[in-house]
Amino acid sequence: MLMRTFVAFLALVATLFLVVAAEMNTFGVRGDLHFGLEARAKNKDGSAPIYKDPNAPIEDRVNDLLPRMTLEEKVSQLIQGDINGWMNLSDPLDDTLVFNQTGLEEMIRLKGGSIWAGYLTPYEKLVYAINVGQHYLMENTTLGIPALFQSEGLHGFTDNGTIFPSPIGLAASFDTDLVSKVASVASDEAEGLGITHMFAPVLDLSRELRWGRVEENFGEDPFLTGEMGHAFVTGMQSGKRRNVSETAIARVAATCKHFAAFGSPQGGLNLAQVSGGERELRTMYLKPFNRACIDSLSIMTAYSSYDGIPAIANTHLLTDILRNEWGYKYWVVTDAGSVDLLITLHGTCETRECAAKATVNNFSGEMGGGTYTFLTLPDQVAAGTVSMDTIDETVKTLLRAKFSLGLFENPYPYEDYLSSIRTPESKEILHAADAESIVLLENRQNILPLSTNIGSVALIGPQVDRVAFGDYVFLNASNNGITPLAGFKQYLANVSSSTKINFAEGCKLWSNDESGIHAAVDAAKNSDVAIVMVGTWSLDQTNLWTPGTNATTGEHVDLSNLGLVGAQLALAQAVKDAGKPTIVVLVSGKPVAEPWIQAHADAVIQQFYPGEMGGLAIAEVIFGAVNPSGKLPVSFPRSIGTTPAFYNYLKGSRPLDPGFVFDNGTLKFGHQYVLDSPIPLWSFGHGLSYTTFNYTDLTLSSSTITPSQDFNVSVTVHNTGSVTGKEVVQVYMTDLVASVVTPNQELIGFKKVEIPAGGSTIVTIPVLSSQLAVWSVQNKWVVEPGVFAVKVGTSDTVYAQTNLTVT
């Protein structure tokens, strides 16, 4: 009896000790609120917490949930976890449905706000893993906060989803409606599987062509990039998940990246510094983000520094501009491992504590891939070196995104997830994207389209019998694609053509070996026409990072030469010398600088890395089943030495006195450049059709406006050819006299229209007055009085022009 009394006394003492301890250490939770520390998911009066009310305003839910969280729970929200913490994903074919309970609990405890799930794995296993994670979070943690589950979606959902053309190809379509549909398909396929956060789109500008990731961008122009990015974000986020609150505004969170100025590194070297000032930052690099990302539920920061300040620690960029000036209120996260780069690359921090503080002080979370510096934050808060207010404001941005997705009501995969993957509708969108991204660069004597009655065609080159995807695809994604060789055969069979295909590889992409060129020449001589397919190549996300593999484009794959690698140019020259009409198809992730091809091929076609139906689409274009309508989103330099080649250079930046080296070796000397020209082979906006267009009646809604007045540009476009065609109407502006140096021209609007043969249409394009603004010497946007030249055409051709006066 005495023993039992003593045990009871010890239990009472222990209980009192825990109560006192809880009062002394509230783990970052205020003790004066309407809930108890012992039951933070409930209110003291028995009412339901506001954060659990699906009908409550999102801000009210965020503000109700945040004070219930411990500091450790808040920090866990800020660090990206990984689904491999409780699943074995080492074998992409393994479908074993088993998880590690200890690993699950530890991962959620430390890194539970967002979870990387971008693995190649059977759908059933992925769904199982996400269900395990979300059910644990919702049912076995105190507050029941769901996680974002993440994957890649740059040009399609990567885990055996539909793969579309790389972004540089999508941009060549100049079709925002199509790009929005592409993003919607990627979202459809991810949503049902429980993926709620996709790392796309990329809004870096392709102004440094040596950089390996040009293929991931929408081109060199900030306006086009902004419009394409806005279409992508809209397509990816529009709609709601099933069974969620009325306040939900999106179904999958898009991620605009890489904020900002990441795509123009010094020397074209990945991660290298980007040089520039405030005016260039504002007028070029930030415009696409401002257009596309204000409503995007997340933004990813850049690895690089700008003007000597690492992007992830750039208070002016991330706080002054993004948060305060633009009012961005959602989740910002670093790229993988980039917080540690403050120590190992940039040299602006000595310790993990410093790196974590510099990052979180700009209201960003930490992605994995490094040493998880944010694990130092609880101790830093305790020491007073990082404020709890900073942690709170950062956590709010993530909670806001989660409530906006409706995840607190339904974070789970759908039982019928297969119903939204690889549907007939998505295949139609894929087909259209592959067709509309192809650009006809040259067509001498209208050699194209070929007749399906032609006797024989030689298909020559290392790109003929391979699927050439961009770098953001998973292992074996190419198994879902159609090679050009298969595509030609399929198309000719579909139209019951008896045209014979003579195939010869000629050379490898990656070799100087010319021993196969003789067979290629024989194939050309034995055919009525030769099609030579050459270019660059990338690899999937497994092989791209595997030591010993090779590629010429992709992340961390940077070039010092934009010409064709190995024996490819010699192959094209030998085939042309065979005496048959020669069509060169450049299949690449960036511009290929080969003046000989531009000067000598009978026709030239650019196919940026295509989607799964690219092999069929190129056959349809060559035989005329599809009238090409793509335009270049990036200019093609004559050589690496004539870069940068972008069209919107500042006035006075491209003096012209070119020299030339003739085919016979004769030298003609000039000055800019001594033996070359700064004028690109093909400029931004260029692209031919199998029909012809004429522009008349260019008018402005008002030829004189005030600085705050928007206006419309209208023009009548006539199809003067014999076939239906799509034309991209492009509007450019030049500020003739300004207080600062401005671009020689800027794209300010475009619209793609289809016009029947012999038909015409009036195209009206709206322009905002803010598009005329300059970043003044007073460091503010100003629409200055003066005259602006407004033209329609391409960046190197004027179809019609007029003047606009701002008073």
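Is strand S11 (residues 456–460) largely enclosed by the rest of the structure or open, and how many of its residues are buried?

Author: A word on the source. This is a predicted model, in which local features need pLDDT of at least 70, side-chain atom pairs count only at pLDDT 80 or more, and totals for chains, interfaces and linings use all residues. Residues are numbered from 1 along each chain as its sequence is written, and side-chain values use heavy atoms, with hydrogens and water left out.

Now the strand. 5 of the 5 residues of S11 are buried, so the strand is largely enclosed by the rest of the structure. Buried means under 20% relative accessible area, exposed over 50%, and partly exposed in between (1.4 Å probe, protein chains only). Strands (E, at least two residues) and helices (H or I, at least four) are DSSP runs, numbered from the N terminus.

Take the two faces. In a regular strand the side chains alternate between the two faces of the sheet. On one side of S11 sit Ser 456, Ala 458 and Ile 460, all buried. On the other, Val 457 and Leu 459 are buried as well.

Next, the neighbours. Two strands pair if DSSP finds at least two bridges between them. S11 runs parallel to strand S12 (residues 500–504), joined by 5 bridges. Here Ala 458 stands opposite Asn 502. From S11 the chain passes through helix H17 (residues 484–494) to S12, in a right-handed β-α-β crossover. Right-handed means that, with the strands pointing away from the viewer, the path from the first strand over the helix to the second runs clockwise.

Strand S13 (residues 529–535) is also parallel to S11, with 4 bridges between them. Ala 458 has Ala 530 as its bridge partner in S13.
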